[in-house]
Amino acid sequence: MTSPLLSIQDLSVHIRGDAGIARILDGITLSVPPGVTMGVVGESGCGKSTLLRAVLGILPRNASIPHGKLEFKGKDLIKVNWAAARGRIGFVPQDPYLSLNPVFRAGDQILEIMRKHAPGTRKDHASTLIDLFRAVQLPDPEAALAKYPHQFSGGQRQRLLIAAALACAPDLLVADEPTTALDVTTQREILALLRGLVSDKGLSLLFVTHDFGVLAALCDRVTVLYAGRVVESGLTSDVLRNPQHPYTRLLLACHPDRAVNLLGIPGTVPAATQQPEGCRFHPRCPIARAACSKEVPPVTEFANSHLVACPWYADELPEQALA
Amino acid sequence: MMVLRVLLRDPVATLGLFIVLFAIFVAIFANWLAPYPNDAFESHLLQRLKPPSVEFPFGTDNLGRDIFSRVILGTRNALLVAVAVITAAMLIGVPIGLFAGWREGWLSEILMRTTDVFLAVPQLILALALGQLLAPGIGAAMLALALTYWPFFARTVFAETRRLRGSLFVDALAGIGASPLRILFLHVLPNAAPAVLVRATIGMGFTILTAAILGFLGVGATPPSPDWGLAVSEARQHLPEAWWFPTFPGLAILVLVLGFNLLGDGLRDAADPKIRRSKR
Amino acid sequence: MARYVIRRLLLALPALFGLILLTFVLSRVIPGDPAATLAGDAATPAMIAEIRAQYGLDRPVIEQAFIHVRQVLTGDFGKSVFSGRPVAEEILQRLPATLELTFVALLIAVFLGVSLGLFAALNHNGIIDHLVRVVSVGGLALASFWLAIMLQLLFAMELDLLPLRGRVDVALGLPPRVTGFVLLDSLIAGRLDLLLNGISHLILPAITLSLPGLATIARFTRSGVLEVLQKDFVLYAKAVGYGRFRLAAIYVLRNAVILVVTQIGLLFGALISGAVAVEAIFDWPGLGTYSVQAIISADYKALLAVTLVVGFVYAVVNVLVDVAQAIIDPRVAEDVT
């Protein structure tokens with residue numbers, strides 16, 4: 001395997017709050033080789049947004065990174081500062097309605113990114129941007145430059161933001177559920193667009209979602225998070241067809257092709273300040289043993305680097321858990 | 001009491017509450033607290049314009065009266081004026097707001113347009129014109145202030161009533177046959193109370209300030225009243241020699257208005273959890 | 001945009017019309033016979049009757065109201081009971097002085113208020129933040145007349161740094177009147193000495209007058225910036241690597257200023273109110289001193305006219321504020337039309 005573009009090793013993020021220190025991420029390891037699309041999946045509160053903010057260098061002020069590495073193109077961003085990666089990592093945010101400043105022209109907001117992080121004059125940038133607008137199939141690309149955000153529809157704004165993410169010709173694209181705020185038809189179009197762009201330009205993609213359907217359509221590899229830890233990772237086809245961790249198995253059994261929804265699994269995600277000892281899933285796990293509440297589960301590796309953080313993967317799940 | 005607990009958690013609002021309570025205490029016991037309670041009216045020409053000393057902590061004024069005593073006695077005036085004005089403004093504004101909010105029709109429309117007219121001129125200017133036309137004096141000034149402040153209550157209550165009128169519980173009450181008056185006074189008004197209370201507290205500060213300006217301009221309190229604004233006005237002829245003469249009555253205005261403003265801010269934050277969160 | 005401005009102007013009309021009616025009602029509730037007041041102490045019944053006819057006071061009330069409205073709309077506010085000159089003329093004479101003072105005060109308030117508010121928000125819960133919070137609450141509790149006297153006492157009387165009163169030194173005299181604004185007129189006349197003298201006279205009254213506005217603007221800028229900093233688009237801008245300065249000073253501030261601009265309309269009321277006392281104390285020959293004089297001489301015509309003029313200016317300022325808001329925030333004009 002070639003050396004990864006983005007390599008996250010044993011990354012932890014803690015957030016200080018009124019209720020004490022929350023260990024939002026606890027020893028995350030994950031890597032994105034060049035040209036690979038990596039999906040990160042988990043329910044709300046599992047830490048996927050924090051992971052994304054860590055990669056982008058926009059953790060809140062009360063967050064700290066006690067240990068771990070976050071290497072982009074061989075440089076540890078935690079040590080050398082994220083400025084080194086600006087422009088090289090494109091970001092597609094979750095909500096196209098809220099992510100553009102309403103009182104500035106959309107074009108100017110993107111040109112400002114290019115002014116900071118791409119070589120060339122404003123004129124060069126503008127013509128690059130119009131080409132990008134055409135590539136993301138924005139209607140009337142020349143006129144779009146002078147419009148305000150509220151003059152675009154939601155789907156058009158997401159196209160704008162994808163163009164913005166590509167504006168500085170990045171190596172890695174980071175996307176935060178970029179379709180949740182859109183209607184189903186538009187979702188499909190945006191995903192198709194994203195898939196086309198990523199494969200045309202040979203980009204790497206780190207894609208955060210709670211939707212297995214989106215994941216299956218877009219990602220080569222997948223990492224499943226639960227309560228700030230990786231529980232399973234591997235090729236998308238392996239993980240979806242042959243899930244090993246009880247959490248993944250339950251998720252897929254409940255909703256094989258829809259959003260992650262834990263209604264089918266008894267109990268709730270633990271509060272980030274009161275994480276259980278041992279395996280964090282054990283209070284809700286139907287096959288938990290006594291040892292699960294004491295020791296952090298070892299990782300087992302299958303073919304195609306399919307990793308599972310549960311030693312009891314071979315156990316059958318009881319019938320009623322799957323019902 | 002929930003509000004009080006939230007309020008006491010905010011040190012700035014607690015300071016405001018403390019100032020206001022202290023002022024009320026001073027006002028009630030003014031005659032016992034003031035070293036020379038008769039200095040409201042008596043003059044002692046032999047001890048004119050004496051600088052602050054142990055005998056006269058804030059010095060004496062142009063008629064030889066103890067400024068410390070007059071500041072204490074003036075607290076009573078300031079609070080009485082503010083309470084009277086705000087009460088009167090509430091008695092006018094709250095029913096109008098309730099009525100106009102509850103009924104839709106030409107009368108409500110006229111009432112709310114009238115509040116617009118009153119809000120179209122700065123309060124002080126309107127109060128000056130009214131106060132002058134009604135013959136200068138503290139009574140006229142109070143009436144003028146009440147007549148300029150009621151629209152704020154009408155607006156607040158109007159908005160709240162309109163919001164609640166469409167709500168489910170009002171529909172339910174109307175469904176079981178509760179009379180409109182009963183609904184308005186027993187159910188709508190208590191819901192509007194926090195907003196009215198905040199308005200009233202901020203209005204107290206505003207009224208004390210405006211009444212002081214009126215007193216200063218000669219439209220409010222008249223001599224020999226121990227009014228703070230009037231004292232600052234009288235002091236102007238004795239500057240720069242008697243710096244203490246305007247300083248202490250002015251500080252009293254500052255502290256009391258500050259107290260009401262801080263308390264009002266705290267109440268508003270306590271009554272509105274949304275603001276409280278964004279204040280962080 | 002033009003349609004928006006016209007719409008906004010039309011919306012202001014009913015309140016102004018109501019104000020004209022209100023002044024009419026007020027002029028009728030004055031104790032005593034207005035004709036007798038106008039005629040003066042030594043008037044004979046015949047003179048009073050003549051004045052009554054002259055002012056239309058013998059006509060039915062409704063008709064009188066119409067006359068009042070017509071007079072006001074044609075700029076006829078009657079004659080001053082005190083000086084005998086037309087009130088409109090006297091007001092026009094004094095209006096520039098008040099506008100000059102309030103404009104400079106507003107400028108100080110906006111510039112300092114926005115800067116302080118921005119620094120406070122960026123230094124959230126730091127020392128600057130706490131200082132600004134104290135200033136913003138304290139500024140609103142200060143009686144302008146008292147502050148004016150304290151500043152006079154310190155800077156003019158004790159330290160002798162700044163002039164005590166007036167618009168320029170009496171020895172220098174006012175520049176030839178073109179606009180009525182001393183600063184502009186001295187520039188037009190090419191009198192640098194007058195300009196500097198005018199500025200030195202402006203400092204104390206303008207600072208006094210600006211304080212409540214400064215406090216309000218600092219406070220709203222602070223909370224506005226804090227609110228905007230929580231928005232998704234700020235996080236996005238950080239993620240895509242906007243410059244720190246640009247983010248704070250331009251990107252965020254513009255959104256916060258929209259919240260502040262709304263306040264400026266309301267502030268104008270506080271400025272005008274403050275101007276009455278401040279002008280009286282600094283002998284500033286504007287509408288404030290005029291109204292104080294009108295109070296002393298019981299000149300109700302002048303007082304009502306000032307009320308009307310202030311009401312009109314107030315309405316115009318509020319329309320301007322809304323228009324400014326529509327320019328800064330492109331969504332506003334479109335929502336309404």
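**View 1. A:Glu232 counts as buried, with 27 C-beta neighbours inside 10 Å.** Here a residue is buried if 20 or more other C-beta atoms, placed from the backbone, lie within 10 Å of its own. This is a predicted model, in which local features need pLDDT of at least 70, side-chain atom pairs count only at pLDDT 80 or more, and totals for chains, interfaces and linings use all residues. Residues are numbered from 1 along each chain as written, and chains are lettered from A in the order in which they are written.

**View 2. A:Glu232 sits in strand β11 (residues 229-235) of chain A.** Strands are DSSP runs of E with at least two residues, and helices are runs of H or I with at least four, both numbered from the N terminus. Beyond its neighbours within four places in sequence, A:Glu232 has contacts that include A:Val224, A:His245, A:Thr248 and A:Leu307; a contact requires C-beta atoms, placed from the backbone, within 7 Å.

View 3. Of its 323 residues, 44% count as buried. Among contacts with a separation of 6 or more, 65% join residues 24 or more positions apart.

**View 4. Chain C meets chain B through 45 residues of chain C and 39 residues of chain B.** On the chain C side, α13(C) gives the most, with nine residues. That side divides into 36 nonpolar, seven polar and two charged residues, where Ala, Val, Leu, Ile, Met, Phe, Trp, Tyr, Cys and Pro count as nonpolar, Asp, Glu, Lys and Arg as charged, and the others, Gly among them, as polar.

Definitions and conventions. Contact = placed C-beta atoms within 7 Å. Buried ≥ 20, exposed ≤ 12 C-beta atoms within 10 Å, placed from the backbone.
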